[in-house]
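Subject: Structure handover

Hello,

Please find the structure below. My notes on it follow.

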Amino acid sequence: MLQAIALFLAGLLAGEEFIVRYGVQPALRTLDDHAHIQARVALVKSLRIVVPALMLPTVALAVAVLALTDGPGTGWRWAGAAALAAFVLSSFLGTVPINMKVVDWRPNAPPADWRGTVLRWQRIDVLRSTAAIVAFACFAAALAVQVRQAGG
């Protein structure tokens, strides 16, 4: 049951990251500068609550599953944990420091290098979102292997 809950949370995290990367970010690029900055600031303000609320229990459950579950699917669980670690590291070392600056941007007076900052964030986010998606896929594979091995 613990593994299923961890998979559910990893799926929510991967889904959120997928939508931001492939839905929200392309939409932001179509906006004029003022609207883009205004929307980006609003997104950062809400996602800095949502993402940690998903990330922390996902990581905690992934660690618990690694510690408490053995047997079929172990390699997939470790691969998922490694991908989740890449997600966490790229978040805390990459996007979080940028987001801490973005929340103070003013749409009427953005920093001169705001486009470069957004581009740097997007490059890091490719790794970050991919890592979350890969973690979910690995955790799903681990559970599938375990269920198949159990005969059900």
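Helices (H or I, at least four residues) and strands (E, at least two) are taken here as DSSP runs, numbered from the N terminus. On that basis the protein has 4 helices and 0 strands, and its pattern along the sequence reads α-α-α-α.

This is a predicted model, in which local features need pLDDT of at least 70, side-chain atom pairs count only at pLDDT 80 or more, and totals for chains, interfaces and linings use all residues. Residues are numbered from 1 along each chain as its sequence is written, and side-chain values use heavy atoms, with hydrogens and water left out.

Overall picture

The C-alpha trace spans about 60 × 25 × 20 Å along its principal axes. The accessible surface (Shrake-Rupley method, 1.4 Å probe; for residues, only the protein chains shown count as cover) is about 8,200 Å², and carbon and sulfur atoms hold 70% of that. Of the 152 residues, 38% are buried; buried means under 20% relative accessible area, exposed means over 50%, and partly exposed lies in between (1.4 Å probe, protein chains only). A contact means heavy atoms within 4.5 Å. Among contacts with a separation of 6 or more, 84% are between residues 24 or more positions apart.

Helix H1

The expected span of a helix is 1.5 Å times one less than its number of residues. Helix H1 covers residues 2-29, and its 28 residues should span 40 Å; the end C-alpha atoms are 40 Å apart, so the two values agree. H1 also has a kink of about 35° centred on Val20. The bend at a residue is the angle between axes fitted to the seven residues ending there and the seven starting there.

Aromatic pairs

How many aromatic pairs does a search of the whole structure find? The search finds 2. Rings of Phe, Tyr and Trp (its six-membered ring) pair if their centres lie within 6.5 Å; planes under 30 degrees apart count as stacked, over 60 as edge-to-face, and the rest as tilted. Phe18 and Tyr22 form a tilted pair, with 5.2 Å between centres and 45° between planes. These two residues are 4 apart in helix H1, which means that about one helical turn separates Phe18 from Tyr22. Phe18 is partly exposed, because its relative accessibility is 42%. Trp105 and Trp114 form an edge-to-face pair, at 6.3 Å centre to centre and 75° between the planes. Trp105 is buried at 9% relative accessibility, and Trp114 is buried at 6%.

Helix H3 and Ser91

H3 has 29 residues and reaches 40 Å from its first C-alpha to its last, close to the expected 42 Å. The helix runs over residues 74-102 and includes Ser91, where H3 bends by about 45°. Ser91 counts as buried because its relative accessibility is 0%. Its side chain makes a polar contact of 2.7 Å with that of Arg128. A polar contact is a pair of N or O atoms within 3.5 Å; within protein, one must be able to donate a hydrogen and the other to accept it, and residues adjacent in sequence count only if both atoms are side-chain atoms. Leaving aside neighbours within four places in sequence, Ser91 is in contact with Met55, Val96, Pro97 and Arg128.

Helix H4 and Ala131

Ala131 sits in helix H4, residues 114-150. Ala131 is buried, with a relative accessible area of 7%. Not counting residues up to four places away in sequence, Ala131 touches Ala83, Ala86 and Phe87.

Regards
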